[in-house]
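Trainee: I am new to this structure and would be grateful for a guided discussion. May we begin once it is in view?

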Amino acid sequence: MTAKAKNLKKDFLGLSRLEQLELMQYFLEVFATKPIKKEEEKFMLTDEWKTELDRRSEEIKLGKVQLLDNDEVLAELGL
């Protein structure tokens, strides 16, 4: 991972949960519309995954699920 990517990752963790979700949606839209190179095909989202991500995003927006922050997830995993 490049230094630029590491900084982006660090900055992402400093965003609010809503900002993170909005950024993730933006990234997914870019991936969904940008032409894919042959070597990148194995990383393509299937239509099923796109549908699942849309469903999960909607549940978050409607408050149907409880989100955990990074520290909570790591604690649950014992890390």
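Mentor: Let us first settle one term: contact means heavy atoms within 4.5 Å. Please also keep in mind that this is a predicted model.

Trainee: Leaving aside its neighbours within four places in sequence, with which residues is Gln-25 in contact?

Mentor: Gln-25 has its place in helix 2. Once neighbours within four places in sequence are set aside, the residues in contact with Gln-25 are Ser-57 and Lys-61.

Trainee: Is Gln-25 buried, partly exposed or exposed?

Mentor: The relative accessible area of Gln-25 is 22%. Buried would require under 20%, and exposed over 50%. Gln-25 therefore counts as partly exposed.

Trainee: How far apart are the C-alpha atoms of Gln-25 and Asp-71?

Mentor: Along the chain, Gln-25 and Asp-71 are 46 residues apart.

Trainee: How many nonpolar, polar and charged residues does the contact of helix 1 with helix 2 have?

Mentor: From helix 1, Leu-8, Phe-12 and Leu-13 take part, and they meet Gln-20, Leu-23, Met-24 and Phe-27 of helix 2. Sorted by class, this contact has six nonpolar, one polar and no charged residues.

Trainee: Which helix gives the largest share of the lining of the largest pocket?

Mentor: The largest pocket has a volume of about 860 Å³. Of its 30 lining residues, the closest to the centre are Gln-20, Leu-21, Met-24, Leu-53 and Ile-60. Two or more lining residues come from each of helix 1, helix 2, helix 3 (47-61) and helix 4. The largest share, eleven residues, is given by helix 2.

Trainee: How many charged residues does that lining have?

Mentor: By class, the lining of the largest pocket includes 17 nonpolar and five polar residues. Its charged residues number eight.

Trainee: Is Glu-72 buried, partly exposed or exposed?

Mentor: Glu-72 lies in helix 4 (residues 70-76), and its C-alpha atom is separated by 25 Å from that of Leu-28. The relative accessible area of Glu-72 is 35%. Since buried means under 20% and exposed over 50%, Glu-72 is partly exposed.

Notes. Residues are numbered from 1 along each chain as its sequence is written. This is a predicted model: local features need pLDDT of at least 70, side-chain atom pairs count only at pLDDT 80 or more; totals for chains, interfaces and linings use all residues. Side-chain values use heavy atoms; hydrogens and water are left out. Helices (H or I, at least four residues) and strands (E, at least two) are DSSP runs, numbered from the N terminus. Ala, Val, Leu, Ile, Met, Phe, Trp, Tyr, Cys and Pro count as nonpolar, Asp, Glu, Lys and Arg as charged, and the others, Gly among them, as polar. Buried means under 20% relative accessible area, exposed over 50%, partly exposed in between (1.4 Å probe, protein chains only). On a 1 Å grid over the protein atoms alone, a cavity is a set of points where a 1.4 Å probe fits but cannot get out, and a pocket is an open set with protein on both sides within 12 Å along at least five of seven lines; lining residues have an atom within 4 Å of a point. Grid points are joined across faces, edges and corners, and a volume is the space filled by probe spheres set on the points.
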